[in-house]
Amino acid sequence: MLGMLPALAIGACARSTGVAPLRVWAMSYEGDYSPHLMPGFTAATGIPVEVQSLPSTASHEKLLTAHAGGALPDVLMLFNGWIREFAMIRAVAPVPSPALTAGLSPGIRDALRIDGRDYAVPWSVAPQVQYYRTDIVGEAGYAAPPLDWGGWLTMARAIKRRRPDNYVFLMLLNWPGALLTMMTQAGATMLRDHATRGNFRSDPVRAAFAYYANLFAEGLAPRAASTEVQDPLAAFAQGYFAIWPSSPTTLLDLRRRATDIPPERWATARLAGPNGPGPVSGDSASLCVSTTTDRPAEAWALVRHMTSRDSELTFQRMIGNLPARLDAWDAPQLALPVLRAFREQMAQPAPIPPVVEWERIQGEIQLAAERVVRGLQTIGQALTALDERVDQLLAKRRALVDAGRIA
């Protein structure tokens, strides 16, 4: 009930002022906690706000359906990998003023630019790092996990020898983030020929697949999907695994479960790469304004409020995700040692391939990896099939490029 109070206050304001509310759709923790940001905007402008939290698993289809029906909200959150698609179908409007994207982390902003234009304002930055059990890593003789693949594997084998009945890593088979990061850190270019064909049989992709698959083959990671690990926080607390590549929202989960796993028993570090840390994938999100809103000035004012320094710091305290604004990083709350790895990683976001089909391609990568890990295909077979499938997904784009209609 306490969590509903901001939304109830907003609803009451709408009834008392007679002003129609602005509508916001958001997903995950961002959707659940966004109502806490709205009373300040309503107090300053007199404009109430209604927030609808969408389930992450169905949000992409719901947003597309709403666009087709002319029913998108005024402001919508999009995961960064979706922005190009929604810009192409003219569901979201270009950012009208450079002031809205001024003062942002250059790496984050540049990764979202489409043909030199901004269509979104970065809001919730979520690069992956490795959470690790300091006690388990320490027992194996390490003060912190090595940041190169060779050292990471050597450390993992040392942990496994001491704890043969447990695992070292948790890399859920239905979440491709860890493998995507390995590919980008290996220098892979996943699409070729002006991003019209798959490039998954390249040497960097093969190297990343081989390293990833070997972690499972040596028993260093469980062959499990998220449905098979119901409570990863409890498993982490019990030492079922020692290293967990995850996003900043895990900070909130760990804070909630401090009685199970005290802060002194875990820490964070950047993810290991072939020769050291490099670009990393994540589930970062941005705010957009729909092209169908009849109140664009008010909608962009709300975006400015939600991405302000104060709002981003409030959100960081609530859900862990990090601010994209550089001026927020001088706040004392962001000086915590566990945030250092995230701050360093923000300077190296993984590039998002410039195709609207990328969401579906990520799903195909995950399926190919799972087939390899479960022994259903060799790496060669899986990558050949992956290239063929991606070529099919990119057929329309390839025809448009060949016809000179897009670059």
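Why does glutamine 185 count as buried? Its relative accessibility is 11%, and buried denotes under 20% relative accessible area, with exposed over 50% and partly exposed in between (1.4 Å probe, protein chains only). The legends below describe a predicted model, in which local features need pLDDT of at least 70 and side-chain atom pairs count only at pLDDT 80 or more, while totals for chains, interfaces and linings use all residues. Residues are numbered from 1 along each chain as its sequence is written, and side-chain values use heavy atoms, with hydrogens and water left out.

View 1. Helices (H or I, at least four residues) and strands (E, at least two) are DSSP runs, numbered from the N terminus. A polar atom of the glutamine 185 side chain lies 3.4 Å from the backbone nitrogen of glycine 273. A polar atom of this side chain also lies 3.5 Å from the backbone oxygen of glycine 278. A polar contact is a pair of N or O atoms within 3.5 Å; within protein, one must be able to donate a hydrogen and the other to accept it, and residues adjacent in sequence count only if both atoms are side-chain atoms. Not counting residues up to four places away in sequence, glutamine 185 touches Trp149, Leu271, Ala272, Gly273, Pro274, Pro277, Gly278, Pro279 and Val280, where contact means heavy atoms within 4.5 Å.

**View 2. Helix α9 and its packing partners.** Nine of the nine residues of α9 are buried. Among them are Gly177, Leu180, Met183 and Gln185. The buried residues of this helix pack against α8, α10 and α16. Just after α9, glycine 187 takes a positive phi of about 85 degrees.

**View 3. The largest nonpolar core, of 54 residues.** A nonpolar core is a set of buried Ala, Val, Leu, Ile, Met, Phe, Trp, Tyr and Cys residues joined through side-chain atoms within 4.5 Å. Trp152, Phe169, Met183, Phe200, Ile361 and Ile365 touch the most other members of the largest core. At least two of its residues come from each of α7 (134-139), α8 (149-162), α9 (177-185), α10 (203-217), β9 (266-269), α16 (358-373) and α17 (379-393). The greatest contribution is that of α10, with eight residues. Another core, of 47 residues, lies apart from it and includes Val49, Leu63, Leu112 and Ala285.

View 4. Tryptophan 152 and phenylalanine 169 form a tilted pair, 4.4 Å centre to centre with 45 degrees between the planes. Tryptophan 152 belongs to helix α8 and phenylalanine 169 to the loop between α8 and α9, so the pair ties together parts 17 residues apart in sequence. Both tryptophan 152 and phenylalanine 169 are buried. Phenylalanine 236 and tryptophan 244 form an edge-to-face pair, at 5.9 Å centre to centre and 65 degrees between the planes. Phenylalanine 236 counts as buried at 0% relative accessibility, and tryptophan 244 does so at 10%. Ring pairs also link Tyr131, Trp266 and Phe342 into a cluster.

**View 5. The open five-stranded sheet.** The strand order is β2-β1-β3-β10-β4, with mixed pairing. The edge strands β2 (49-54) and β4 (121-124) each have a single partner strand, so one side of each is left without a neighbour in the sheet. Neighbouring strands are turned by 30 degrees against each other on average, direction ignored. Strands β1 (residues 22-27) and β3 (residues 75-79) are parallel and share two bridges, and two strands pair if DSSP finds at least two bridges between them. Tryptophan 25 has leucine 76 in β3 as its bridge partner.

**View 6. Strand β5 (residues 129-133) with its partners β8 and β9.** Five of the five residues of β5 are buried. Four bridges pair β5 with β8 (residues 243-246) in the antiparallel sense, and glutamine 130 stands opposite proline 245 in β8. β5 and β9 also run antiparallel, joined by four bridges, with tyrosine 132 opposite alanine 267 in β9.

How values were computed: Axes are lines fitted to C-alpha atoms, for helices over the stretch in contact, and angles run from 0 to 180 degrees between N-to-C directions. Rings of Phe, Tyr and Trp (its six-membered ring) pair if their centres lie within 6.5 Å; planes under 30 degrees apart count as stacked, over 60 as edge-to-face and the rest as tilted.
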